[in-house]
Amino acid sequence: MTAPAHAVESRAPADAALIEELRALLGERLSTSAAVREHHGKDESYHPVVPPDAVAFVRSTEEVAAVVAACARHDTPVIPFGTGTSLEGGVAALRGGVCIDLSGMNAVLRVSPEDLDVTVQAGVTRKQLNEHLRDTGLFFPIDPGADASLGGMASTRASGTNAVRYGTMRENVLGLTVVMADGRIVRTGGRARKSAAGYDLTRLFVGAEGTLGVITEVTLRLYGIPEAVSAAVCPFPTIKDAVDTVIATIQSGIPVARIELLDEVQMGAVVAYSKLDYKVAPTLFFEFHGTEAGVKEQAEMVSAIAEEFGGTDFQWAARPEDRSRLWQARHEAYYAALALRPGSKGWPTDVCVPISRLAECIVDTKADIAASSLTAPLVGHVGDGNFHLVYLVDPANPAELAEAAELNERMVMRALAMGGTCTGEHGVGYGKMHFLPAEHGEAVSVMRMVKQSLDPKNIMNPGKVIRV
């Protein structure tokens, strides 16, 4: 198996004529400054900065179409950019080109409370949307932790802490507006809750990571804010006890909204970083949504299950401020992990397995880490079989990078052997592109045919997801 080459691919500077054409279109909203280009050539991962040749700050679908059409005429790559919170090198301009920054497309276009749906421009972030919805009694539940753009979340098929109850972006995107590789504007899906009309193009673009088109608008499902919300934290003697509690909870049909796992390394980091008063041990974070009676019943059932597996110190957080502090600490887990080794970079990675194999996969993975020289805290959206590691590495140390790559490959291949996937929610980018043949086999050739058909010049975020 060939690991990803963490280097710039063959590239030539963008044509001066293209830059002038885009400058005439956008004026000062086209930037070629080194600082702006560098900012748009990196994400939150360990992957090196690979800047584009120019950054186009767009404000409408029509402007995106004009930029893409111009790039197509000049055979120049196009790299969409939301907030830069991706984790597998998805925004790196491996072959140069023009980065399209969609953050200025941040309007909520329509809210339909009666139909429980909303249409937003791609640059709207999840926090911005929920703030906009605050007085409607509705909310959008997909929460990957970072305040990512909704276009980026659709593009990477994001999920997060609420996925065990509300699903992922795959289940919650009703329709899209997409600019194709030749500049055409297409609209997929619709507001109807089901349709048997034609190919499901919406699902094709959700998760394509900008390799088939640029998402400019998204129509999403909304949900009623639950009457009651309660959270709890419970430590366990071993990580297997914690995971077995999760499996028993899911198999019992208890509709838990969130179940998050932090191993003892990550819990120690979070306690120190966020100043929490919790035991440093493998720990589950729970959240329950529903009526007052329903939440109470769910919590009592989960508490009884946890006690069977040694979880006897259930601590409740019912007040909104306490829940916010608890989940803020969970969302800061990545930065807490980095604080364990000041000056290090995080190599975040994730896999997802059938829940029946989750304990085995985690235990074997932690044994692998214990036998290595690296520190790698573990967190997981374990209610759906998804867990994450952050290898803390010195990017200037080739031996550490090689060791992290070896550990990561063993974890991924272990997950695949258990019927899992190389990534539950981080996406492929170019960091995990080499695992797709092992996971999908001949289906990769079909994906390649789709890519070549929709993007024959290979200008849409080239070098990501599928090798062409």
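**View 1. G89 in the loop between β3 and β4.** G89 is located in the loop that connects β3 and β4; helices (H or I, at least four residues) and strands (E, at least two) are DSSP runs, numbered from the N terminus. The model is predicted: local features need pLDDT of at least 70, side-chain atom pairs count only at pLDDT 80 or more, and totals for chains, interfaces and linings use all residues. Residues are numbered from 1 along each chain as its sequence is written, and side-chain values use heavy atoms, with hydrogens and water left out. G89 counts as buried because its relative accessibility is 3%; buried means under 20% relative accessible area, exposed over 50%, and partly exposed in between (1.4 Å probe, protein chains only). Leaving aside residues up to four places away in sequence, G89 touches D43, S45, H47, Y430 and K464, where contact means heavy atoms within 4.5 Å. From C-alpha to C-alpha, G89 and A54 are 18 Å apart in space, and they are 35 residues apart in sequence.

**View 2. The open sheet of four strands.** The strand order in this sheet is β1-β2-β4-β3, and the pairing is mixed; two strands pair if DSSP finds at least two bridges between them. β1 (30-31) and β3 are the edge strands, each with a single partner strand, so one side of each has no neighbour in the sheet. Strand β2 (residues 54-57) runs parallel to β4 and is joined to it by four bridges. Axes are lines fitted to C-alpha atoms, for helices over the stretch in contact, and angles run from 0 to 180 degrees between N-to-C directions.

**View 3. Strand β3 and its two faces.** In a regular strand the side chains alternate between the two faces of the sheet. Both faces of β3 (residues 78-81) are covered: V78 and P80 are buried on one side, and I79 and F81 are buried on the other. β3 and strand β4 (residues 98-101) run parallel and are joined by four bridges. V98 in β4 is the bridge partner of V78.

**View 4. The open sheet of five strands.** This sheet has antiparallel pairing and the order β5-β6-β10-β8-β9. The edges are β5 (108-112) and β9 (185-189); each has a single partner strand, so one side of each is left without a neighbour in the sheet. On average, and with direction ignored, neighbouring strands of this sheet are turned by 10° against each other. Strand β8 (residues 173-179) and strand β10 (residues 214-221) run antiparallel, with six bridges between them. V173 has L220 in β10 as its bridge partner.

**View 5. The hairpin of β5 and β6.** Four bridges join β5 to strand β6 (residues 117-121), and the two run antiparallel. V118 in β6 is the bridge partner of V111. Four residues lie between the strands of this hairpin, and L116 in the turn has a positive phi of about 55°.

**View 6. Helices α9 and α14.** Two packed helices are described by the angle between their axes and the distance between the axes. For α9 (residues 239-251) and α14 (residues 358-370), the axes come within 9 Å and cross at roughly 160°. α9 is therefore roughly antiparallel to α14; angles under 35 degrees count as roughly parallel, over 145 as roughly antiparallel, 65 to 115 as roughly perpendicular and the rest as oblique. The crossing of α9 and α14 is right-handed; a crossing is left-handed if the near helix is turned anticlockwise from the far one by less than a right angle, and right-handed if clockwise. I239, K240, V243 and D244 of α9 make the contact with L358, A359, I362, V363 and K366 of α14. The residues of this contact of α9 with α14 are six nonpolar, no polar and three charged. Ala, Val, Leu, Ile, Met, Phe, Trp, Tyr, Cys and Pro count as nonpolar, Asp, Glu, Lys and Arg as charged, and the others, Gly among them, as polar.

**View 7. Helices α9 and α11.** The axes of α9 and helix α11 (residues 292-308) come within 9 Å and cross at roughly 140°, and the two helices are therefore oblique to each other. Their crossing is right-handed. T245, A248 and T249 of α9 make the contact with V302, I305 and A306 of α11.
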